[in-house]
Amino acid sequence: MKTYNTYYTTLHDFEQFLDVRDIEDGENLLIQIFTAKNDEKSIAALLDEIVSLLPSASVIGATTDGEICNGTVSTEKTVVSLSVFEKTKLKTALVENCVDSEDTGRKLAKELIDQNTKLLITFSEGITCNGEEYLKGISSVSSEVIVAGGMAGDNAKFKTTYVFTQNGITSNGAVGAALSNHVLQVHTDYNFNWLSIGKNMTVTKAKRNRVYTIDGIPAYDIYKRYLGKETADELPVLGVEYPMIVKRNGIKVARAVLRRHRDRSLSFAGNLNRGDIVTFGYGDVESILNNSILSEHNLQNKSIESIFIYSCMARRRFMPDFIQQEIEPLNEITGCSGFFTYGEFFSTKKRKELLNQSMTILTLSESKNVNIKKTLLSNREIKLNTYQKSIKTLSHILNVTTNELHKRNKKLEKFSKEILAREESLNLAQKIGHFGSWEVDLKTGNSILSKESYRMYKIDFNETHATIKTFLNRVVEEDKPLALKTLEELKDGTIKSIELRIRRADDMIIHVLLNGKMIFSDKGAPIKIVGTTLDITELVDTKKKLEEQTKLLNFQAYYDSLTKLPNRALFNDRLEQTIANSKRNDQIFALLFIDLDNFKEINDTLGHHIGDKVLQIVSKRLSTCVRIDDSLSRLGGDEFTVIIHNLKNPEAVAEVAQKLLDMIKSKITVDNNELYLSASIGISIFPKDASNSSDLIKFSDSAMYKAKEKGKNNYQFYSADMTQIAFEKILMQTSLHVAVNKKEFVVYYQPQVDTRNEFITGVEALVRWDHPTMGIIPPDKFIPLAEEIGFIVSLDKYVIRQAMSDFADWNKKGLSPGILSLNLSTKLLNSEHFIDDLKYIIKETGFNVKQLELEITESQMMQDPLSSIQKLQTLSDMGITIAIDDFGTGYSSLAYLKRLPVDKLKIDKSFVDDLPNDEEDCAISKAIIALAKSLNLKIVAEGVERKEQKEFLLENGCDLIQGYYYSKPLPKKDVEVLFKAPFFYKAYSL
């Protein structure tokens, strides 16, 4: 390979440059452009000229804060670097309009990198891009590919930067060139040499590259405090020479300021995380220049044909007199080019880093031959001017002084901690033990109290003169006689213990245990009393709490916390006792199992807090219906039980059951909500039905479900056949869960026909269960059970997916099945992710959404009309037709009907059955048809089985008909025959 570098002035000069060097256009030519032209129009003109001569070349470029051409540093110019490869494949890309820097890197990498890519040269815009996140995005696609390049500049204006390829220009994105060649020799290196200055600081609040506070102070104020207000106010134009230094992967890297925000936060070129230890940094010119010699040494055994430099703009501005010297050793190897960036990308195969204040080096070769033959320098003489020497000296003084102060502070902190530890050791022991020591002089009455004693009584040590009266005055009146008696008893010389209540200075009463002993002189006269005081308030309170908790735990173990009724545990215990007593005394008793009807709707619509209040009211009402000797319990949820003892005959329990039903039916008012409840009651009799608790409970539960099946709001006695029914229900419930995986559910289709031309306009999808042992099970047998156990959502999704798949298959075969009408359950419509799931199934099956019609029953819609309007509008906006099923049975409001995005009404079968003979059904049907036409809605009659029904509907304006008159519901293969036949069922083509 070979690289040629030149300043671009005119198209003519550039064309001559190409001719003299025999540079030809081709896909093996990579052009890097580094330009100070920081406006889109000028860049576009520049690209047009270069691409006009080299249309097949791969081009990437960036605006700069300075350019490098054959080792020469310049500003306000345009450098063009042309690399001609022999074996390397090139590919460029541009990604723009990306707010997330990580996402930008990920998208660019996905577009460019494949398994053969060795190197990615990339430039990102330099103002808003988070370079660290950008590299993270690239690494998420490939951690092996080496990355080089940097962030574009705009001559320190920090307003707008540009990056570009031969295909476009962007100020909000990134560009890249992928080099693919498994033998391409790639080497990267970098020079940093920015030293830490000043004290360590901690980042206390940050989000990615935006830092809000350092040491709890706004980031802007940190720069203002240490660099001065003038520099802080001009960030990021000023202050680039003093970045934040932080450790990343074991090495020190700089983070330069890119933006200043109104909330006094600062955005940096890369991330700074909460807890990062940072310092200000400054450049050591001598170290920087000598390190370029080390970089040259590192290249000694490398194969090099081209060198590219991506260096930080801070280096050029910090040492303008020496920047040329830094690059010269590299240019002596081969002519190098590059630009000064707002952030440098450095990587090896192990890691990728965003650097600031660094010079990164990229060398390339398609040959393995080493070509460095010149004598390498060991060091160079560097002449600093007076100002630079002063800065270096001042920085050295500041660092040494900071380190010395840090060491002294550490010693002072250690010494202070030792003194504090000794001073607090005794007080801590007393505090931990909640005891204080005291001494009373019996001659003067004065007292000496320990620090913990003062703390215990909440007495101010500096304002209180402690005496024996100080203590006695704080003893509560009821305990004072005991205190005085014990003082008198101390005269016998033995240790006395006493428990008293003391009123503290803050009026809080505490419990204390005092131990005291009277001390006598050599002559036997009492001189003082010494002792200890132990605060036992917690112990006394704990004892009381344990007693209360014991009562509470006993209550919680056996009583329901909401209704205060016996719970399941106590119910089971009482049932066993009742069975034992009844056996012993040859008595009869009844077990009533009570379940409130449709109670879940109260919780779902009004909230659980309303439901809880309703349960409390119901519990009180039920309590008034049972005798003191009987037992009412709440098992949980909306389930209650009643044990009626010592029945004279089993029929007597019916009176109690009806009384309970009547009591529950009475109006309940909760928070201005008027509610009407009902219940279903199941009854089992001991010993007629069973003689053990488990069977009695099971049988009363079965009878309760029988009451629900008979329309709810009634009671049922257990009978033997209920066990078989319950067993079959359990089997069906178990089978439901595996039926989907075994694909036992089959979708049938019933045609909807336009009677004017007898064309099929669509079909309604209906589910059947092809049970392996029970055969075809109609939906009225398993749909209610599916709704009861919460399986209906999974079943609905299965039907939707299967029906859409069938339709997509028919469309592929060239058939015209028309509109697919699907029934939508309330639970599916109200499920959290219904819309997203529906979109996914449509996409997955390849179904045409314009063929979809969703049916919701009138009664379902009116459960929550406002929510229905919102969700159905979303479906309508997707292009889905909405139909109201069973119209006329749900008492819908015309006001809501007008607001709903409804396209079609379906006349319920109950109004069609007796047409045209029943006058009321005729009137209702005509009214529904007239209403539909006035609202510009389509109308469908379902359940049409006879010719006279069809003719009546057609005469009165209902053209669309569904029912056995034309066809019963058919499986897929049979309805497909209808689509192919030339008779009435030729499907209408959308």
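Helices (H or I, at least four residues) and strands (E, at least two) are DSSP runs, numbered from the N terminus.

## Basis of the model

This is a predicted model, where local features need pLDDT of at least 70, side-chain atom pairs count only at pLDDT 80 or more, and totals for chains, interfaces and linings use all residues. Residues are numbered from 1 along each chain as its sequence is written, and side-chain values use heavy atoms, with hydrogens and water left out.

## Two cis prolines

Proline 236 sits in the loop between helix H6 (229-233) and strand S17 (244-248). A cis peptide bond links leucine 235 to proline 236, with omega about 0°.

Proline 916 lies in the loop between helix H28 (909-912) and helix H29 (919-934). The bond from leucine 915 to proline 916 is also cis. Its omega is near -5°.

## An open sheet

An open sheet has 6 strands in the order S1-S6-S2-S3-S10-S11. The pairing is mixed; two strands pair if DSSP finds at least two bridges between them. Strand S1 (2-7) and strand S11 (168-170) are the edges, each pairing on one side only. The twist averages 15° from one strand to the next.

Strand S10 (residues 163-165) pairs with S11 in the antiparallel sense, over 3 bridges. Valine 163 has threonine 170 of S11 as its bridge partner.

## Helices H3 and H4

Helix H3 (residues 101-112) packs against helix H4 (residues 131-141) at about 40°, with axes 6 Å apart. Axes are lines fitted to C-alpha atoms, for helices over the stretch in contact, and angles run from 0 to 180 degrees between N-to-C directions. That makes H3 oblique to H4 (angles under 35 degrees count as roughly parallel, over 145 as roughly antiparallel, 65 to 115 as roughly perpendicular and the rest as oblique).

Contact means heavy atoms within 4.5 Å. Among the contact residues are Ser101 and Leu108 of H3, and Tyr134 and Ile138 of H4.

## Leucine 660

Leucine 660 belongs to helix H18 (residues 652-665). Leucine 660 is buried, at 0% relative accessibility (buried means under 20% relative accessible area, exposed over 50%, partly exposed in between; 1.4 Å probe, protein chains only). Beyond its neighbours within four places in sequence, leucine 660 contacts Leu592, Ile594, Leu622, Cys625, Val642 and Ile681.

## Positive phi

Asparagine 70 has phi near 50°, a positive value in a residue other than glycine. Asparagine 70 is partly exposed, at 34% relative accessible area.

Lysine 564 has phi near 65°, again positive in a residue other than glycine. Lysine 564 is partly exposed too, at 49%.
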